[in-house]
Amino acid sequence: MSFILGLFIDIFSDTTALHAMAAITVAFSRPLLMRFCFGVNFEFQGFTYKNTTKVQRATFLLLLILIQHIVYFSFEILSFSHLLLILKKILFTAIVTFLFSILLSSLFATDQDI
């Protein structure tokens, strides 16, 4: 599913499989990050976000965003001589994406989620 989503974004934004590669990287790193953010006793079947704290959710979201942006911008520019430009793009777009995601999630949250 992540490959198809990334491929559709690539088709409409005219990028050369960058979004698909970043989406696949995020999909494969997701279980590891869930164990890191939500604890060692994390189980896929019995897991619900309602049992987690806001800090755990925000950390998980921020790490996913950072991984996606690191992969995307590193392969978009593909040059170590432009390392500062890559880091600036990663930092600023990750902050904006994180704030936008937090605002959207709080907008659509139910009373039990808050």
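How far apart are the end C-alpha atoms of helix α1 (residues 2-13)? Select residues 2-13 to see: the end C-alpha atoms of α1 are 16 Å apart, which agrees with the 16 Å that its 12 residues should span at 1.5 Å a residue. The expected span of a helix is 1.5 Å times one less than its number of residues.

This is a predicted model, in which local features need pLDDT of at least 70, side-chain atom pairs count only at pLDDT 80 or more, and totals for chains, interfaces and linings use all residues. Residues are numbered from 1 along each chain as its sequence is written, and side-chain values use heavy atoms, with hydrogens and water left out.

**The whole chain.** Show the protein chain as a cartoon: there are 4 helices and 0 strands. Helices (H or I, at least four residues) and strands (E, at least two) are DSSP runs, numbered from the N terminus.

**α1 and α2.** Go next to aspartate 14, which follows α1 and has a positive phi, near 55 degrees. The axes of α1 and α2 cross at roughly 160 degrees and come within 7 Å. Axes are lines fitted to C-alpha atoms, for helices over the stretch in contact, and angles run from 0 to 180 degrees between N-to-C directions. The angle makes α1 roughly antiparallel to α2 (angles over 145 degrees count as roughly antiparallel).

To see the contact (heavy atoms within 4.5 Å), select Ser2, Phe3, Gly6, Leu7, Ile9, Asp10 and Ser13 of α1 with Leu18, His19, Ala20, Ala23, Ile24 and Ala27 of α2. By class, the contact has 8 nonpolar, 4 polar and 1 charged residues. Ala, Val, Leu, Ile, Met, Phe, Trp, Tyr, Cys and Pro count as nonpolar, Asp, Glu, Lys and Arg as charged, and the others, Gly among them, as polar.

**α2 and α3.** The contact of α2 with α3 holds 16 nonpolar, 6 polar and 3 charged residues.

**Inside α3.** Now select Phe60, Leu64, Ile65, His69, Val71, Tyr72 and Phe73, which are buried in α3 (under 20% relative accessible area, 1.4 Å probe, protein chains only). Their cover includes α2 and α4 (83-107). End at leucine 78, which follows α3 and has a positive phi, near 55 degrees.

Terms used:
Buried means under 20% relative accessible area, exposed over 50%, partly exposed in between (1.4 Å probe, protein chains only). Angles under 35 degrees count as roughly parallel, over 145 as roughly antiparallel, 65 to 115 as roughly perpendicular and the rest as oblique.
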